[in-house]
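Here is a guided walk through one structure. Keep the sequence and the 3D view at hand while reading.

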Amino acid sequence: MTPLHGYLLISAMLFAIGLGGAITRRNAIIVLIGIELMLNAANLNFIAFWRFGPNPEALTGIVFVIFSIAVAAAEAAVGLGLIISIYRHYKTANVDQIDSMKG
Amino acid sequence: MDWVARNLWLIPVLPLLAAGLSALAKQRHRGFAAGLAIGSMGVSLALSCVAFATAVSHSGTELSRQVVNFRWFELGEGWVKLGWVLDPLTAMMLVMVCFVGLLIFIYSTGYMAHDENFTRFFCFLSLFAAGMLGLIIANSLLLFFICWEIVGLTSYLLIGFWYHKPAAAAAAKKAFITTRIGDLAFLIGIVWLYAQAGTLLFYDNGQGCLEKPALASLATQVTSVGMAVPTAIALLIFCGAVGKSGQLPLHVWLPDAMEGPTPVSALIHAATMVAAGVFLVARVYPLMALGPAGGQVTSTALMVITWIGALTAVFAASIAVAQDDIKRILAYSTVSQLGFMMMGLGVGGVAVGMFHLITHAFFKALLFMGAGSVIHGCNDEQDVRCMGGLRKFMPITFATYAIGMMALSGVPIFFSGFWSKDEILHAAHNWPVTHLPFYLGILGALLTAFYMTRQVAYVFFGNCRLSLGKTTASEQRTVAHAGVSAREHPQVELPAEPHESPGAMVFPLVVLAFFSVVLGFLGTPAWPWMQRFLEGEHAPVQPGMLGNSGVLSVMVTSAVIAFLGIGLGYWLYGRRALESQQKDVLEQWWPNVFTLLRRKYYVDEIYEWAFVGLNAWWARACDWMDRWVWESIVQLLGALVVGLAWVDRVLDEQVVNRGFDEACRSISGGGGLFSRFQNGRVQNYLRALGLGLVVLVLLLIWGCRAS
Amino acid sequence: MQCFASSISRPGGVARDSGGAAVMEMMDQIFVDLKHWLVSLAPAQWQPLISALISVAAIIAVFASLFAVTTILERKGLGRIQNRYGPNRVGPFGLLQPAADGLKALTKEDIVPRSADQVLHFLAPLVLVVPAFLALAVLPVGRNMAVVDLDAGLLFFFAVGAATELSVFMAGWSSRNKYSLLGAMRAIAQMISYEVPLILSGVCAIMMAGSLSPEKIIEAQSAYSGWVPHWNVFTPWGLAGFIVFLIAAAAESNRAPFDLPEGESEIIAGYYIEYSGFKFALFFLGEYIGMFAVSGLAITLFLGGWHAPASFLEWIPSYIWFFAKLLGIIALFIWVRGTLPRLRMDQLMSFAWKFMLPMALVNILAAGIWRFTPGITRWIVCTTLVAGSYVLLARGLAAHSSVAKRKYRYAE
Amino acid sequence: MFKGSPKSVMTVAFVILGVLTLSSGIAAMMQRNLVHCALSLSITLAGLAGLYLQLDAQFVGFAQILIYVGAVAILIVFAILLTRENEPGSQSRYISNGYLGFGLALALFAVIGGAIVSSKTLGRGQVPAPEATVRQLGDQLMTRYVLPLEVLGLLLTVALIGAVIIAMQEKESKSPGGTK
């Protein structure tokens, strides 16, 4: 049971939590939060593998996490903008009431 | 390494700065923008003169090509490198572009004086100059392509400068899209070359893609279809040149481009940008000349170039015979001259083509600016049938225009066009492959002389047919498009007497006229200085060359041809005064031929028909498929089911009814089941994703266990 | 805590020879030595923990007392500015007023609205105060006197500063009061808007030092030419950056003239209407600690940290210089508060986005030019750049007349 | 941060941070009050930052706090306030048949966790902390990853403009999506 196991387990659990929330909650914003959690779980993986990986002198893990943090910020901005405009249009932020794509 | 070679980048950067600054300036800061553009161009001209002097002084030595390369950014493992080169080719083009550009800038201050978007115009012009100069000094095909696209963009912007004029907007779009077709192939060629040679630098002391090792390695490779790789790349690159230089079959945009302001036509669509294609071929000539075996026999690429050039020359010249818009005539003549240059490159190598490029740049710019001056003087009238007798009203324009016309149609001895065209014909005559291009060239020269005479006769001789009083169609167009400028424009409201243009417009004409005479003597067979300079040798003066039988025969031939054309033209058009309503002489004789020519061989219509028709045909095909194939299958299935049901009913009411209902129910149930998956709720999809993830990980683990 | 490895190694600083200098040296390092002595008493495996505790305790004690001093200074100073005595009843010259205030705050009833969100309402002040103290941890208050010397110290500073916004939101939202919510919204908008110029104006100093660690940034300004120190503030970009930084800092810590979030006249007390007693005192403390922290950062970035303003004053202990500069900046804040009127919300925003942000960006450009051009030319170039952009931006701001005469619209 | 300190401190801090992160994560997913969810999310993110510091990734840790706690959490809170339901808590916070989701999440965790625990290749025990100074990061970003960096800047710009345009108040135009 090395430290790496611990971090990986935490990130797996976090990912599961995020997924569970994202696919069970009603409110779109909470869904977004769940997605953020999953992203962060992935980031934790990157850092952990960088720290305990074979060649940490190449800062790949860290650089990747920096990029993914920036991307996640952009994603949050756009996602929330979408949610707000959807709310304005449908007068609700519940994803299970927004099913106009029903086939 | 000389100072000027190291700081060659200044030449394009100065106009770029000017463009940026005048882009920030307000529309009313006219003097600022114009001064900035002209000043920067002047400095660039000075610098390029220094560069030229340096190149001349180093001519023939190993310093004759000085290269500066630098790293741009790191891509993957390697670095993307850019750079600039100073060699005779560059130096000559630099001087030409800067000089003509400067003159045209000065000219535009007069021509665009009444336009409200004066500042924007000069911003675009400077940007164009920057792109063009950068393209000239580029030592990397990538940099070349970047500037190439900048130039294309500015051309688009300037053609559509009067964008409120629908024709202009359409022409701009047409030019942009048509050239894009060529550029796509060009880009593919670049990428392929990069994949093959590993670099896009032309000269990189030994590693460049135009130098021996790379060429040698290229020459050995053969594509899957059996064509040699260098040939394929060269042809792809040549496609770009075809697009830019308006060769067949992509010439359609150039005549329409005349919707732009006349200085633009003079600068971009006569002197410099369209010549960029020729320059491109000249620049990558080693690649073009690289035969399949790398031997000295004329390579496939060069043959293609020659043929396309020759055909374009005749084709466009014949169209120009039947045009009425003064600028369109010149446009088609430009296309045909570009064809001549391509042919010259193909048959005679860099020197021949470039010589004609330089001379042509001068006298064609002269002609366009003369045309602009005529249009300006005749209240924006562009139809030659409605002009006439102008030589009384604008003598200087007439004189200069006549010089340009004679240079273009190749009147012997005194005019540069004669010498350069003669070079091309001579080379074509000595071409080992076949003599057909030579005859095509002769025909082209004849037509050139003819239509130029026709135009001059229409515009300057006879009596004035300007419709005083009532406004012509083109004037209404002008009033419509000029907008505010129309109100500022004193002559537009009531057409006055045609008048000589202001000094700012006449001065460049004179200068250009001078050069279009003098320039020829730099390349006579007696003293072929320019050609030798381009090949990096010294040129001895040998008057005996004139007496050389081959040279002499060709010279005499082309002289005869020129006079023949001029005489024919004069006999047809010049003898008696023309009436504005009267039909064209040729039209009276061969109406069908004439209409064919006037409608430009229906090329536009053909393209229209081809592409639109193709579309329609495809749509019809799809429709047919739908109507017959799928429909029939559906019908078949339906019939099958019905038949079964019928059979069943015939067999046994009870069982079948129940069974059939059961079947239907289960089918619809299945449909409902499937549609339930698509219930538009994001979380179902997300859930499916999660499920898939679980399954995948399980598979992975299982696989690891198994292994 | 690798920082103490750095502080155990004896200080570099100016070479001392004479005996008096040695005494001064001792005075300079007295607290460091004291701490090392205390730490050395503890068993080995606890030493890191002990040393951390000691420094934290020291920081808290010092800055809390500075807070008390500042309150009384501010009240008296404002009193003088408004032509009245400040508090002068408690103790000599009212100097014991802070103690009295503290007692009052402790003894007052702590009211929590019934409909309030109890937990958040309780947590908000803590979330404000704790990060404020955390931010102090990376500031070197003297030679070898930073709690931790992080490689990414400035990033740490700004990161913990981010928690302030959360606490403000918690306070405003949890107390279920529309004024609180409005105030919180205003405060958050203001903080987010002014955090950008704050960080960006700090960037140029970072560029110069080539590091994010406060120690290194101070080190980069430690030289003297003649007796004039090489502080960033004595360069064109440094001066502009310093001014932008101060303005943004005032806005970050909701000081006048940027104290809209608690503007009494509009929204009674902003996000801490519903706070009373000790929680209110905590908010107060938090705001002042935040102000100290950001002023200390300004000193670190632009005023050469704990270095003396002139080479011949180097003998005075470093921490004295630091706190002298700190008090100077605080005095400046008090003066501004007493002088300037409060802005309007739209003015606030347009000032942030249309003036501060471009100014900071231009400043970064100027710093880059300064870094890469030698000699006298950089003075000319940078000065013209900064001054010119200042003039242009100011004219643009004035042209858009966001400071036009207010047109009163009555409720209809 | 705790470089060179005894291993016990490491583990204790690790356990504390892990428990904090996970519990606040669960809270962020399960609470009824949206604002509480958002705030617990910020606690989770802070905890993650702590874990990064544990892993000697200072820069990332602080950047995480600065960006997520400072910006994203605030953004989410604003969004929550802007899309306030009229009657909070009137309906279930979970979608119908949400239990499937829980089951799925549990299954996922079981699978991945099983994989992690049972993997032999992971064990390397304690390794000396690698060096990751801000300077090195900057050099890497400016030389080797400069192209991704540029692309990222472009992406952020586009995202910013796009978000503004999407969320912009439509001017009495009934176009769906609110874009104008």
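Start with helix α9 of chain B, residues 229-244. Its 16 residues reach 23 Å from the first C-alpha to the last, close to the 22 Å expected at 1.5 Å a residue. The model is predicted, and these values are computed from it. Is α9(B) mostly covered or mostly open? It is mostly covered: 15 of the 16 residues in α9(B) are buried. Just after α9(B) comes B:Gly246, with a positive phi of about 55°.

Now turn to B:Val281. Leaving aside residues up to four places away in sequence, B:Val281 touches B:Phe238, B:Ala241, B:Met288, B:Ile305 and B:Leu345.

Two packed helices are described by the angle between their axes and the distance between the axes. For α16(B) and helix α18 of chain B, residues 395-409, the angle is about 145° and the axes are 9 Å apart. The crossing of α16(B) and α18(B) is left-handed. Which residues meet there? From α16(B) come B:Phe363, B:Leu366, B:Leu367, B:Gly370, B:Ser373 and B:Val374. From α18(B) come B:Thr397, B:Thr400, B:Tyr401, B:Gly404, B:Met405, B:Ala407 and B:Leu408. By class, the residues of this contact are 8 nonpolar, 5 polar and no charged.

Chain A comes next. It has 3 helices and 0 strands, so the order of elements from the N terminus reads α-α-α. Of its 103 residues, 60% are buried. Among contacts in chain A with a separation of 6 or more, 51% join residues 24 or more positions apart.

Finally, see how chain A touches chain D. The contact takes 60 residues from chain A and 71 residues from chain D. On the side of chain A, the elements that give two or more residues are α1 (3-24), α2 (28-52) and α3 (60-90). The largest share of that side, 22 residues, comes from α3(A). By class, the side of chain A that touches chain D has 41 nonpolar, 12 polar and 7 charged residues.

Methods: Residues are numbered from 1 along each chain as its sequence is written. Chains are lettered from A and ligands numbered from 1 in the order in which they are written. This is a predicted model: local features need pLDDT of at least 70, side-chain atom pairs count only at pLDDT 80 or more; totals for chains, interfaces and linings use all residues. Two residues are in contact if their C-beta atoms, placed from the backbone, lie within 7 Å. Helices (H or I, at least four residues) and strands (E, at least two) are DSSP runs, numbered from the N terminus. Ala, Val, Leu, Ile, Met, Phe, Trp, Tyr, Cys and Pro count as nonpolar, Asp, Glu, Lys and Arg as charged, and the others, Gly among them, as polar. The expected span of a helix is 1.5 Å times one less than its number of residues. A residue is buried if 20 or more other C-beta atoms lie within 10 Å of its own, exposed if 12 or fewer, and partly exposed in between; C-beta atoms are placed from the backbone. Axes are lines fitted to C-alpha atoms, for helices over the stretch in contact, and angles run from 0 to 180 degrees between N-to-C directions. A crossing is left-handed if the near helix is turned anticlockwise from the far one by less than a right angle, and right-handed if clockwise.
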